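The sequence and structure are shown first.

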Amino acid sequence: MPPMRDQVTVVTTRLDDNGNPVVDDRGRPVAPDETVTKARITYKVKVVRNRHGVEQTTNVEFDLPPEVIFDYDSTIEYTNSFGQEDKAEVVAWEESTNLSGSRVFFRTVYGG
């Protein structure tokens, strides 16, 4: 497992069983879930396919621990190499597993 020395915040919108945002009694969306976690940030330009099958260019990769919960509607907030706060939307991800595929070591999330 690579050393994870950076800190990121994963912001995930709350969805109901049908995939719609959860709203309160007045019809306003409920506050999203925020998870602060360690990560490894790599700045790399890569072309990946998003959830609709369209090719999209990403410029940053995050290696996150396997227990972090995120989805395509999530946003990752981080501090870039210049010390400025930045955000990236989750475009795609892949898992790094052991040879038998029974254990996930970390997930590589592509943000754009």
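In this predicted model, Phe70 has a relative accessibility of 12% and therefore counts as buried, the cut-off being under 20%. Trp93, at 29% relative accessibility, counts as partly exposed. These two residues form an edge-to-face aromatic pair. Phe70 belongs to the loop between strand 3 and strand 4, whereas Trp93 belongs to strand 5, so their pairing ties together parts of the chain that are 23 residues apart in sequence. Ring pairs also bring in Tyr72, giving a cluster of Phe70, Tyr72 and Trp93.

The structure holds 3 aromatic pairs in total. A pair of aromatic rings is described by the distance of the centres and the angle of the planes. Two of the pairs are set out below in these terms.

| Aromatic pair | Geometry | Centre to centre | Angle between planes |
|---|---|---|---|
| Phe62 and Tyr78 | edge-to-face | 5.1 Å | 70 degrees |
| Phe70 and Trp93 | edge-to-face | 4.9 Å | 85 degrees |

In soluble globular proteins, nonpolar side chains tend to be buried together. Here the largest nonpolar core has 14 residues, and those touching the most other members are Val8, Phe62, Leu64, Phe70, Ile76, Tyr78 and Val109. Two or more residues each come from strand 1 (6-12), strand 2 (33-49), strand 3 (55-64), strand 4 (75-79) and strand 5 (85-97). Strand 3 gives the most, with 3 residues. Beyond its neighbours within four places in sequence, Leu64 is in contact with residues including Met4, Val8, Val10, Ala39, Phe70, Ile76, Phe106 and Val109. Other contacts of Leu64 include Thr37, Lys38 and Arg107.

Strand 3 also takes part in two antiparallel pairings. With strand 2, strand 3 is joined by 8 bridges, and Lys46 has Thr58 in strand 3 as its bridge partner. The hairpin of these two strands has 5 residues between them, and Gly53 there takes a positive phi near 85 degrees. With strand 6 (residues 104-111), strand 3 pairs over 5 bridges. In that pairing, Phe62 stands opposite Val109 of strand 6. Phe62 and Val109 are both among the core residues that touch the most other members.

How values were computed. Residues numbered from 1 in each chain as written. Predicted model: local features only at pLDDT ≥ 70, side-chain atom pairs only at ≥ 80, totals over all residues. Heavy atoms only, no water. Core = buried A, V, L, I, M, F, W, Y, C linked by side-chain atoms within 4.5 Å. Buried < 20%, exposed > 50% of the residue type's maximum accessible area, 1.4 Å probe, protein only. Helix = DSSP H or I, 4+ residues; strand = E, 2+ residues; numbered from the N terminus. Contact = heavy atoms within 4.5 Å. Phe/Tyr/Trp six-rings, centres within 6.5 Å; stacked < 30°, edge-to-face > 60°. Pairing = 2+ DSSP bridges.
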